[in-house]
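Hi everyone, thanks for making time.

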Amino acid sequence: MKYFLINTLFSLLVMSYFTGCSKTVDDNILLAAHKAIEKGAVLIDVRTREEYKDHHIIGAINIPVQELVKTLARVPQNKVLVVYCRSGSRSSVAADILSKHGYEVYDVATQSEYNRKIKER
């Protein structure tokens with residue numbers, strides 16, 4: 001478990017170094033995440049407590065990605081999860097961790113991605 005945590009934090013550091021800009025989420029994933037929220041999914045902000053206090057999506061809970069592994073007991077197993085952060089790097093790491101622990105999770109990358117208008121088809 002210690003190796004997994006160290007490896008995850010190292011991956012987070014590397015990803016944040018190489019990905020300075022926000023990623024774009026596929027419209028289908030974003031639409032599925034919104035539908036999941038409407039059906040009771042848990043929205044998780046994986047940024048720091050300070051970032052969360054500054055602003056967050058209404059209804060989101062805060063579990064910083066650095067604390068995710070040791071606080072998995074706080075995350076309901078029977079709910080779909082939707083995660084976001086500032087640039088998409090930490091949410092990607094969080095989604096990977098949660099998926100590996102058996103959670104169904106949508107990574108919507110950022111607050112602005114979550115709130116953006118989905119293109120009509």
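Let's begin with K100, which forms a salt bridge with D96, their closest N and O atoms being 3.2 Å apart. Please keep in mind as we go that this is a predicted model.

Where do these two partners sit? Both K100 and D96 lie in helix α4, 4 residues apart, which is about one turn of the helix. As for cover, K100 is exposed, since its relative accessibility of 57% is over 50%. D96 comes out at 39%, so it counts as partly exposed.

Let's stay with α4 for a moment. Its 12 residues should span 16 Å at 1.5 Å a residue, and the end C-alpha atoms are 17 Å apart, which agrees. The helix also has a buried set: S89, R90, S91, V93, A94, A95, I97 and L98. Just after α4, you'll find G102 with a positive phi of about 90°.

Now, how many salt bridges does a search of the whole structure find? The count is 7, so let me show you some others.

Take R47 and D45, whose side chains meet with an N to O distance of 2.7 Å. Are these residues buried or exposed? R47 has a relative accessible area of 4%, so it is buried, and D45 is buried too, at 0%.

Next come E51 and R86, a salt bridge with 4.0 Å from N to O. E51 belongs to helix α3, residues 49–54, while R86 is in the loop between β3 (81–85) and α4 (89–100), so this pair ties together parts that are 35 residues apart in sequence. R86 itself is exposed, at 54% relative accessibility.

There is also a network of salt bridges, and it links D27, E113 and R116.

To finish, let's zoom out to the whole chain. Its secondary structure comes to 5 helices and 4 strands, and along the sequence they follow the pattern α-α-β-α-β-β-α-β-α. Of the 121 residues, 41% count as buried. If you take contacts between residues at least 6 apart in sequence, 68% of them join residues at least 24 apart. And the chain exposes about 7300 Å², with carbon and sulfur atoms supplying 57% of that.

That's my tour, and I'm happy to take questions.

Technical notes:
Residues numbered from 1 in each chain as written. Predicted model: local features only at pLDDT ≥ 70, side-chain atom pairs only at ≥ 80, totals over all residues. Heavy atoms only, no water. Buried < 20%, exposed > 50% of the residue type's maximum accessible area, 1.4 Å probe, protein only. Helix = DSSP H or I, 4+ residues; strand = E, 2+ residues; numbered from the N terminus. Expected span 1.5 Å × (residues − 1). Contact = heavy atoms within 4.5 Å. Areas by Shrake-Rupley, 256 points an atom, 1.4 Å probe, with all protein chains shown as cover.
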